[in-house]
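Here's a quick tour of the model you're about to see. Keep the 3D view open and follow along, one topic at a time.

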Amino acid sequence: MRLLVLGGTEFAGRALVETALQRGDDVTVFNRGTHQAPADVTALRGDRLTDLSALRTGTWDVVVDTWSWAPSAVRDSAELLKDRAGRYVYVSSSSVYTYPSAPGSTEDAPVIDGDPGGGDADYAPMKRGAELAVLEAFGDRAILARAGLIIGPYENIGRLPYWLTRIARDGQVLAPGPASLGLQYIDVRDLAEWCLDTTAGGAYSVIGPPGFATMGELLETCVSVTGSGAELRWVPAEPLLAAGVRPWMDLPIWAPPGELYDSVHAFDTRKAAVRCRPLAETVEDTWRWLQELGGVAPQRADRPRVGLDAEVEARLLEKLAG
């Protein structure tokens, strides 16, 4: 398959390129060249906002786009490529659904407004605007991969890396309860495989099934994989919230039952039918990658850092943990 990845050097883009190369695909990447392009790809240089000249020739079976900023950039690339590419896969987000989502929401759930020609704005409207741009150019050849929580190697958001590095430090670890709380996520490599395999146009909630793992299973796996002597001290949601702890941000991945939980961990994903690798494989491979980097994960400049400060955690454990 002739594949064009717009980006291709960080997190989802990197996983897409590596997965495609493993399958024997002919891979082209288009980016500014600020990160080293993987070996065995054709590297085109340019800027999504100012210079698409390198994309004015060439044909591809599939274009995959992970852009998260001004929708006008997606509009321009989709318009330029619509007659020279078979299908356009846009890695969008479940954030485009109107908040809060009802438990069990499908792809038919209401979505927010977006401007396909818009500039920088909030994350969700930019993702929705980009979706509309792809639909305008590619019609029924547009595939909207509305990913939820993405974890795995190369993560530059900090969610799973926070838990791994925190647990690796040993000691008592504040673990947000209940441990039985079901999680919904997708390994970035499973997302990549889905994007490369899917041929039917439309919108898809590209996440694993709800409850594929629990918060307890995730953190216990982190303890096992790191070889840590950490002790998980489970604290119920109510006192954490009363103490001002922010779900999702201070304690990544965790969302207590309620509106936030329903909007990140309770989607009906039967349409996408993602093949999910075991949780242990995701955690082990992410830990191995972190060790190769010296234990410090990359951080996207446009995303806030997640995780509790060590001193704040210690105070909370002293105050709240039983």
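## Briefing

Let's start with how the chain packs against itself: of the contacts between residues at least 6 apart in sequence, 76% join residues at least 24 apart, where a contact means heavy atoms within 4.5 Å. Bear in mind that this is a predicted model, in which local features need pLDDT of at least 70, side-chain atom pairs count only at pLDDT 80 or more, and totals for chains, interfaces and linings use all residues. Numbering runs from 1 along each chain as its sequence is written, and side-chain values use heavy atoms, with hydrogens and water left out.

**The whole protein**

- You'll find ten helices and 13 strands here; helices (H or I, at least four residues) and strands (E, at least two) are DSSP runs, numbered from the N terminus.
- The radius of gyration is 20 Å, close to the 20 Å that the globule rule gives for 322 residues, so the protein is as compact as a globular protein of that length. That radius is taken over C-alpha atoms, and the rule is 2.2 Å times the number of residues to the power 0.38.
- Along its principal axes, the C-alpha trace spans about 65 × 40 × 30 Å.
- Out of 322 residues, 56% count as buried. Buried means under 20% relative accessible area, exposed means over 50%, and partly exposed is in between (1.4 Å probe, protein chains only).
- The protein exposes about 13,400 Å², and carbon and sulfur atoms supply 49% of that. These areas come from the Shrake-Rupley method with a 1.4 Å probe; for residues, only the protein chains shown count as cover.
- As for charge, the mean positions of the 31 positive and 44 negative charges are 3 Å apart. Lys and Arg count as positive and Asp and Glu as negative, while His and the chain ends are not counted; each charge is placed at NZ of Lys, CZ of Arg, CG of Asp or CD of Glu.

- Asp65 sits in strand S4 (residues 60-65) and is buried, with a relative accessible area of 0%.
- Its side chain makes a polar contact of 2.9 Å with the side chain of Arg48, and another of 2.5 Å with that of Tyr88. A polar contact is a pair of N or O atoms within 3.5 Å; within protein, one must be able to donate a hydrogen and the other to accept it, and residues adjacent in sequence count only if both atoms are side-chain atoms.
- Leaving out residues up to four places away in sequence, Asp65 touches Leu6, Arg48, Val74, Ser77, Tyr88, Val89, Tyr90 and Val91.

- The peptide bond from Tyr99 to Pro100 is cis, with omega near -5°; Pro100 is in the loop between strand S5 (85-93) and helix H3 (123-138).
- Gly177 and Pro178 are also joined by a cis peptide bond, with omega about 0°, and Pro178 belongs to the loop between strand S8 (172-176) and strand S9 (182-183).
- Asp40 isn't a glycine, yet its phi is positive, about 70°. Look for Asp40 in the loop between strand S2 (26-31) and strand S3 (42-45), where it is exposed at 71% relative accessible area.
- Ile253 has a positive phi too, near 80°, and is likewise not a glycine. This residue lies in the loop between helix H7 (237-242) and helix H8 (259-264), and it counts as buried at 1% relative accessibility.

**S2, S3 and the loop between them**

- Gln36 is in the loop between S2 and S3 and counts as exposed, at 72% relative accessibility.
- Gln36 and Thr19 are 17 residues apart in sequence and 17 Å apart in space, C-alpha to C-alpha.
- Thr42 lies in strand S3 and is partly exposed, at 41% relative accessibility.
- Not counting residues up to four places away in sequence, Thr42 touches Val27, Thr28 and Val29.
- Thr42 and Ala20 are 22 residues apart along the chain, with 13 Å separating their C-alpha atoms.

**Arg288 in helix H9**

- Arg288 is part of helix H9 (residues 279-292) and is partly exposed, with a relative accessible area of 44%.
- The side chains of Arg288 and Asp285 make a polar contact of 2.7 Å.
- Arg288 and Ser77 are 211 residues apart in sequence and 36 Å apart in space, C-alpha to C-alpha.
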